[in-house]
Amino acid sequence: MSSLARPTQLFTGDVTGAATAEVPLVGMTDGALVRRTLDGDARAFTELVDRHASACLRYATRMLGERSDAEDVAQETFLRAFKALESYDEALPFRTWLFSILINRCRTAMTQRMRRERRVVFDNDALERSTVEATQVAVELREELAKAIAALPPDQREAFLLRHVEDLSYEEIMSVTGAGMSALKMRVKRACERLQQLLAEGVRR
Amino acid sequence: MTRPQPDLDETPLVLKQAIAELREGSVVPDEWRAELLAKVPRRRRRPAIVRWAPIAIAAAICLGVGMKVGRTRSESMVGGSASRVRFSIRAPLAARVSLVGDFDRWDPAAVPMRRDGDGETWTVDVHLPPGRHVFAYAVDGDLKTDPNAARAVEDDFGVPSSVIVVATAGGR
């Protein structure tokens with residue numbers, strides 16, 4: 001029988017609003033933000049976007065050579081990451097995990113446009129900055145650099161950008177690309193040699 | 001996080017300059033950001049404790065220790081196998097509070113608490129069988145222990161939780 005007139009035990013606690021309403025997210029680790037996102041805190045995912053969007057856009061722009069494609073791919077990456085967030089393992093840095101998605105999206109985007117004429121379009125933001133900050137010579141060098149990057153074979157470009165621009169370790173690159181260590185080192189080495197050659201001689205098309 | 005720098009010591013200057021240029025961050029356009037965030041679906045508020053619940057439950061079962069009794073005011077146990085227990089917590093700014101524990105599989109949707117007339121206290125009455133129960137409050141997705149109850153040893157497993165012991169009928 002459970003029709004009881006009054007509780008037999010009483011527990012009381014006290015939780016202040018400070019611990020619940022507007023918890024500062026800035027100092028939190030990515031892992032903590034992922035957990036809060038899974039808890040339903042939309043602000044936490046916004047913070048993750050704000051932390052990693054610039055790097056994702058940078059990599060995608062360098063990899064695809066087309067800013068609008070890069071923006072599409074980066075958005076898709078974040079949306080896929082959001083849906084797959086439950087599978088994220090904190091043993092891996094969040095950025096590395098995010099890049100594993102981004103790399104695949106970039107590869108897919110490149111495959112989809114294989115028959116399209118390769119175009120080299122520059123990062124408009126960088127160009128806008130350059131008109132303010134740099135000389136015309138610097139602009140030309142930047143354009144040459146973009147062309148040189150675009151001229152690299154995709155696998156070399158990918159390995160070079162991940163290692164030297166995004167600062168991923170070879171172990172991390174192995175985990176997100178599936179390539180072996182020796183193959184990755186060879187790709188990076190060849191990319192460096194090729195870039196050096198292109199930048200020294202001017203881009204040949 | 002400080003990351004090890006790539007092996008650039010022997011990199012030619014022209015390449016170092018190129019890499020420095022490539023490392024410049026891309027500007028994140030406001031419109032792009034707004035469009036992305038608008039596409040992010042709303043995630044149902046579901047505390048991550050669900051992922052830990054099996055661990056907490058297993059710990060409660062396997063360890064069988066920490067049988068401290070929370071500060072109980074029970075004077076009597078009414079007949080039957082279950083006793084009615086009132087849980088109450090003060091959370092004036094919370095939007096949603098629920099009671100979670102081994103008795104509801106740590107499901108924050110199972111036992112929602114109601115805001116009292118004072119606007120600050122959340123309360124729920126539940127029927128619990130005799131024995132030891134590990135519980136916590138899910139306050140807007142965050143687990144809170146009950147300061148007036150004993151802490152569960154399972155805290156070591158990452159789940160902040162409290163303990164209540166419901167006596168058997170007729171017992172103390």
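A residue is called buried here if 20 or more other C-beta atoms lie within 10 Å of its own, exposed if 12 or fewer do, and partly exposed in between, with the C-beta atoms placed from the backbone. Leu141(A) counts as partly exposed because it has 18 C-beta neighbours inside 10 Å. This is a predicted model, in which local features need pLDDT of at least 70, side-chain atom pairs count only at pLDDT 80 or more, and totals for chains, interfaces and linings use all residues. Residues are numbered from 1 along each chain as its sequence is written, while chains are lettered from A and ligands numbered from 1 in the order in which they are written.

Chain A comes first. Its secondary structure consists of nine helices and one strand, where helices (H or I, at least four residues) and strands (E, at least two) are DSSP runs numbered from the N terminus. Read from the N terminus, the order of elements is β-α-α-α-α-α-α-α-α-α. Of the 205 residues in chain A, 41% are buried. Two residues are in contact if their C-beta atoms, placed from the backbone, lie within 7 Å. Among the contacts in chain A between residues at least 6 apart in sequence, 66% join residues at least 24 apart.

Leu141(A), the residue used above, belongs to helix α6 (residues 136-151) of chain A. Its C-alpha atom is 8.4 Å from that of Leu199(A), although 58 residues separate the two along the chain.

Helix α7 of chain A is next. Of its 12 residues, 10 are buried, so α7(A) is largely enclosed by the rest of the structure. The buried residues of α7(A) include Phe160(A), Leu161(A) and Leu162(A), and also Glu158(A), Arg163(A) and His164(A).

Two packed helices are described by the angle between their axes and the distance between the axes. In this model the axes are lines fitted to C-alpha atoms, for helices over the stretch in contact, and angles run from 0 to 180 degrees between N-to-C directions. The axes of α7(A) (residues 154-165) and α9(A) (residues 181-201) come within 8 Å and cross at roughly 95°. That angle makes α7(A) roughly perpendicular to α9(A), given that angles under 35 degrees count as roughly parallel, over 145 as roughly antiparallel, 65 to 115 as roughly perpendicular and the rest as oblique. On the α7(A) side the contact includes Asp155(A), Ala159(A) and Phe160(A), and on the α9(A) side Leu184(A), Arg187(A) and Cys192(A) are among the residues involved. By class, this contact has six nonpolar, one polar and six charged residues. Ala, Val, Leu, Ile, Met, Phe, Trp, Tyr, Cys and Pro count as nonpolar, Asp, Glu, Lys and Arg as charged, and the others, Gly among them, as polar.

After α7(A) comes Asp167(A), with a positive phi near 65°. Asp167(A) is not a glycine, and it sits in the loop between α7 and α8 (170-177) of chain A. Asp167(A) is partly exposed, because 15 other C-beta atoms lie within 10 Å.

Thr96(A), Phe99(A), Ser100(A) and Ile103(A) of α4(A) meet Glu172(A), Val176(A) and Thr177(A) of α8(A). These residues divide into three nonpolar, three polar and one charged.

Chain B has three helices and eight strands, in the order α-α-α-β-β-β-β-β-β-β-β along the sequence. Buried residues account for 34% of its 172 residues. Of the contacts in chain B with a separation of 6 or more, 72% are between residues 24 or more positions apart.

Strands pair if DSSP finds at least two bridges between them. Strand β1 (residues 83-90) of chain B runs antiparallel to strand β4 (residues 121-128) of chain B, and eight bridges join them. Ser83(B) stands opposite Leu128(B) in this pairing. Strand β3 (residues 114-115) of chain B is also antiparallel to β4(B), with two bridges, and Arg115(B) stands opposite Trp122(B) in β4(B). The hairpin of β3(B) and β4(B) has five residues between the strands, and Gly119(B) takes a positive phi near 80° there.

Strand β5 (residues 131-139) of chain B is joined to β8(B) by five bridges, and the two run antiparallel. His133(B) stands opposite Ile164(B) in β8(B). Four of the five residues of β8(B) (residues 162-166) are buried, so the strand is largely enclosed by the rest of the structure.
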